[in-house]
Structure formats: C-alpha cells, structure tokens
Amino acid sequence: MSFTKIDHYEKEYADHHHDTALNVAEGVEDQPVINPYFTKRKKRQLSTDEYVAGILEGNITILSQAITLIESNNPTHYAQAQEIIEKCLPHAGKSVRIGITGVPGAGKSTFIEAIGNMVTSMKHKLAVLAIDPSSERSGGSILGDKTRMESICHNPDIFIRPSPSAGSLGGVARKTRETIVLCEAAGFDVIFIETVGVGQSETAVHSMVDLFMLLQISGAGDELQGIKRGIMEMADLMVITKADGENIHKAELAKTQFQGALRLFPLAESGWKPKVYTCSSYTGEGLEYVWAGVLEYLEHIEGNGYFKHNRNRQNKYWMYESINEVLKSSFYQDPAVESHIKEYEDKVLNDQISSFIAAKQLLDIYFKDLK
C-alpha cells in the first residue's frame, strides 16, 4: 500500500471521528497558585520586656523565640537579643553546666535520654543544647538528635535545642553560651551541652561548662586508639557506655585501661582526679553512679573555690572571644575590603604575592577605610 493511500484513509478516519471522545478538549487558563482571598497576618513582634517576662515565667515558646533572635544574623534582631540577655543575666548562673562528648557510636543521644529522665525525676529541670561544628557543611544534621530522643521530647521538664544550622564554630559557640543564660533565667538548673564527636568543638564546650564528660565504648579494638590526648586531659568524668549483656566484661576491662591512662596525666588545676564509670543507657544500670560522680565533683570544686574561679575565667575568655568575633565580622563586611579581597586572593593563588603580605595590605585598606 502506498503512502498516499494511507494518508487518504487517515484523513477519512479523522473526518468520520472528529466528534469522538478521542479529541483533546481545550484546557482552562492557569489558575492562581495562591488563594486570592487569603490574607497573611503579620505576626506581632514581642517587645524586649515581653520576652524577658515570658522567659522568667518559664514559657518555652517565648524562650525558643528569644533563642531564634540570638541565632539570627539580622542586625536589628542582634540588638534586641543583647538587650534580652542583659536583662536575663541577673537571673542566670544558678545551674550546673555539663559538657558531654564522645566518639562516634558511643550512644550520646541514648545516654542523654536515659540520664535526662533520671535527673528530672529528682525534681531538676534540664536543657539540652548541641554544638555541631560540621553544621556549616551538613546543614544542621544535629537536628536528628531531637527525633532520636523521643521519650525526653515529651518531658515537660526537658528543653532540647539544636545548634544553629550554619556558621563558624566560634559564632555557634558564642550563641550557645548566650542561650545558656536564657535557659538558666527560664529556670533550668541543669544544662547539658552536647557535641557530635571528638574534634575542635570540645575546646569551645570546655570553655563554657563546669564539668566535662567523655563517653567511650568498649570492644572496639585498642580502647585508647582514636582518642585525642587533649580531649582526655579535659575530661573530669569518663563513662564507658553500653555496659550490658555480653559487653559487661569488656566494659570493665576498658574501665581499668582508661583509669590507668588517666593516672599518667598531670593533676588538673581543679585538683580533681578524673574517674571512670560504666553504665547501660538501655537498662539504666550504673546511671545513678554516674550522677553521684557529677555531684561529688561539684562538691569538690565548690569546696576549694575552683567553681567560682573557673566561671570568672570563662566570662573573661568569652569577652575577648566576642571582641574577636565582632572585629572579624566588621573586617569582612567592610566595603573597601570586599572590593579588593578577590584581587588579593588571585595574586596569592598565582604566586604574585605571599599570603602574609596580602593579609597585611588588606588590613591596611581596612584601617585606612576606618579613618
């Protein structure tokens, strides 16, 4: 059959069936995505006094909103956040601040969940804050902690707050410290500051807590391998987790090894000799001994005056850290620096100028612009 004959049959078929259901009906015009009758109500911004009053009453919603202000990079939010912190400061400082870190897989979330429920059963109020040094790359993976700690999420005496989803470690740490002040003013007398692993963030946490707790697991080969000496030196308490079932013997063996290792370190300024405990977050076995160790340590440093000395030193440290953070931000946001920084970066990459000379000349531009 020729192509001409096929075309003839197709035309005849189309003429005969032009009014069948096979025809595609004409569509309607695009409808608006947003309901035209919908009017968005603008949320009323609370005043500083309303924020402070809500925080002092222990209102979790207002506390969360105030922390969001602290984490905001908006200059107007920053100004109000500082006012809120200043007014809450006289009501802060009456809590126990505990830093908790550990190797990946040590069960930090499960441990915090188990000991958190135990602490609140003793009529304490607990705030769990988290510092995530990788948040700038991962977009705030620490948020997963809130979904894992199911039982304490619904505990009215526990407040969980993840770290900001982006920013430098220094900035995140500073905001966490300011968050501590608001949580204390809201009546939380135990603060846990959690980090996601063994790394640079532990130094920042150590500079804002009264007690530093290191979680470790047993049965992972060489128990002392993979733990930085500096992190172990910072530890006031070490806890071997997952000490249940067939793992109990391994946990006890790891405890002996760590106790031997800790004896090799020089005595800390606090005069405290770090202790090692074993526990199971699953069965709850040993958790009461861990908390007893916390109370024993606090009694020791309050008795010899180190508690107050350490808090004062931390306040001084964070004053200088805040100055450094503001100066750094001011430098990079300076219009004159912004317009030249790419030029100097290219010169450094092309070996036309050393990185030290480039930094000096950019600083000269910055200080000249200030005049």
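**Exercise 1. Classify aspartate 49 by its relative accessible area.**

Aspartate 49 has a relative accessible area of 49%. Buried means under 20%, exposed over 50%, and partly exposed in between, with a 1.4 Å probe and protein chains only. Aspartate 49 is therefore partly exposed.

The model is predicted: local features need pLDDT of at least 70, side-chain atom pairs count only at pLDDT 80 or more, and totals for chains, interfaces and linings use all residues. Residues are numbered from 1 along each chain as its sequence is written, and side-chain values use heavy atoms, leaving out hydrogens and water.

**Exercise 2. Find which side chain meets aspartate 49 in a salt bridge, and locate both residues.**

Step 1. A salt bridge is a side-chain nitrogen of Lys or Arg within 4 Å of a carboxyl oxygen of Asp or Glu. The whole structure holds 10 of them.

Step 2. Aspartate 49 pairs with lysine 87 at 2.7 Å, N to O. The pair links distant parts of the chain: aspartate 49 sits in helix H2 (residues 48-56) and lysine 87 in helix H4 (residues 75-88), 38 residues apart. Helices (H or I, at least four residues) and strands (E, at least two) are DSSP runs, numbered from the N terminus.

Step 3. Lysine 87 has 40% relative accessibility, so lysine 87 counts as partly exposed.

**Exercise 3. Describe the salt bridge of glutamate 269 with arginine 313.**

Step 1. Their closest N and O atoms are 2.7 Å apart. Glutamate 269 lies in the loop between helix H12 (248-262) and strand S7 (275-278), while arginine 313 belongs to helix H14 (residues 306-333), 44 residues away.

Step 2. Glutamate 269 is exposed at 54%. Arginine 313 is partly exposed at 35%.

**Exercise 4. Check the span of helix H13 (residues 287-303), then sort its faces.**

Step 1. The expected span is 1.5 Å times one less than the number of residues. For the 17 residues of H13 this gives 24 Å, and the end C-alpha atoms are 24 Å apart, which agrees.

Step 2. The buried residues include Leu287, Val290, Trp291, Val294, Tyr297, Leu298 and Ile301. They cover an arc of only 150° around the axis, so they lie on the same side of H13. The arc is that of the directions from the helix axis to the C-beta atoms.

Step 3. The face turned away from the buried side carries the exposed residues Tyr289, Glu299 and Gly303.

Step 4. Lysine 275 is in strand S7, so the pair ties together parts 21 residues apart in sequence.
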